[in-house]
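I opened my notebook on this one to look up a few things. Here are the entries, in the order I made them.

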Amino acid sequence: GLNFIDLMVRQGNIDNPPKTPLVPGFECSGIIEALGDSVKGFEIGDRVMAFVNYNAWAEVVCTPVEFVYKIPDDMSFSEAAAFPMNFVTAYMMLFEVANLREGMSVLVHSAGGGVGQAVAQLCSTIPNVTVFGTASSFKHEAIKDSVTHLFDRNADYVQEVKRISTEGVDIVLDCLCGENTGKGLSLLKPLGTYILYGSSNMVTGETKSFFSFAKSWWQVEKVNPIKLYEENKVIAGFSLLNLLFKQNRGGLIKGVMDKLLNLYNNKKIKPVVDSLWALEEVKEAMQRIHDRGNIGKLILDVEKAPTPLVS
């Protein structure tokens, strides 16, 4: 699976970027070829999906057993590669951090992306949840049924949300950062939760630009703790990769995956796959994410031959 974090890794816009050369990628699906001596519960030939601490974009991947999950019989390999990062991130933010309940409202940016679509589907499993989404206008036709109210990502969505819900929203999920942080906090109802889980506004242009990086951080609203207390607002951050690989919460994630696979088996959720790409086409695939052209998830398929370029 390709994720926006992969673009940030490539441009060095993360804390402690890994030394090159490296193989990128944090999630994959495939068939078990070999097992460690003490591995229980899996057999060679099992269809599985997994989290990997880098090195996922490869024909052969090795990862600890705690990060591996069996694929349901009717889930395809491409769906399985689109499943772990997006749905676990969406589920944990909504239910573990923000405590989503019946009748609440959620604002999600990049509603057409992998996490955005996972958020929309999970919200639909709870009665009377209102989802406000922002997305590029060309995606609106394709995703309009997945959210309650859809706004152009370049429009003044703050006024649009307040026009529909004068009090604002209960939950804001922000993967953009920059100036959207202050906007998101201003839209929170009392006891509402704002969650920052990415900073895609940091990724601009073809190369790492320190100026754009600094500008984006400069636009971040300086959060005043006294104001949070006076306004009864919660501000939170969420990083699935840190939770998995630095904070050793694999057991917690396994419980979440069990719930998600149960929802999948009951036809309540289904990964949205935008497109499949050969390994050789990774540059073009990343550009599609960079240009925000995708609806759902891009997948690198090791068995796919590159598409010939049309002259």
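This is a predicted model: local features need pLDDT of at least 70, side-chain atom pairs count only at pLDDT 80 or more; totals for chains, interfaces and linings use all residues.

**Cavity, helix, loop**

Residues are numbered from 1 along each chain as its sequence is written, and side-chain values use heavy atoms, with hydrogens and water left out.

My notes on terms: a cavity is a set of points, on a 1 Å grid over the protein atoms alone, where a 1.4 Å probe fits but cannot get out, and lining residues have an atom within 4 Å of a point. Grid points are joined across faces, edges and corners, and a volume is the space filled by probe spheres set on the points.

**Entry: the cavity**

I noted about 50 Å³ of space in the largest cavity. Which helix gives the most to its lining? I found α4, with four residues. Both α3 (84–97) and α4 (114–123) supply at least two lining residues each; helices here are DSSP runs of H or I with at least four residues, strands are runs of E with at least two, and both are numbered from the N terminus. Among the lining residues I listed Phe 87, Gln 117, Lys 270 and Pro 271. By class I have five nonpolar, five polar and two charged residues. Domain 1 (4–83 + 250–300) and domain 2 (87–242) each contribute at least three residues to this lining, with bounds from an automatic or database domain assignment.

**Entry: helix α12**

I looked up the buried residues (under 20% relative accessible area, 1.4 Å probe, protein chains only; exposed is over 50%). In α12 (residues 282–290) they are Ala 285, Met 286, Ile 289 and His 290. Seen down the axis of α12, they fall within an arc of 145 degrees, so they line one face of the helix; the arc is taken from the directions from the helix axis to the C-beta atoms. They pack against α1 (4–11), β10 (273–277) and β11 (297–300). After α12 comes Arg 292, with a positive phi near 55 degrees.

Is Ser 165 buried or exposed? I have it as buried, at 15% relative accessibility. Leaving aside neighbours within four places in sequence, Ser 165 is in contact (heavy atoms within 4.5 Å) with Phe 132 and Lys 189. Thr 166, in the loop between α6 and β7, counts as exposed at 71%. I also noted that Thr 166 and Leu 187 are 21 residues apart in sequence and 9.2 Å apart in space, C-alpha to C-alpha.

Methods
On a 1 Å grid over the protein atoms alone, a cavity is a set of points where a 1.4 Å probe fits but cannot get out, and a pocket is an open set with protein on both sides within 12 Å along at least five of seven lines; lining residues have an atom within 4 Å of a point. Ala, Val, Leu, Ile, Met, Phe, Trp, Tyr, Cys and Pro count as nonpolar, Asp, Glu, Lys and Arg as charged, and the others, Gly among them, as polar.
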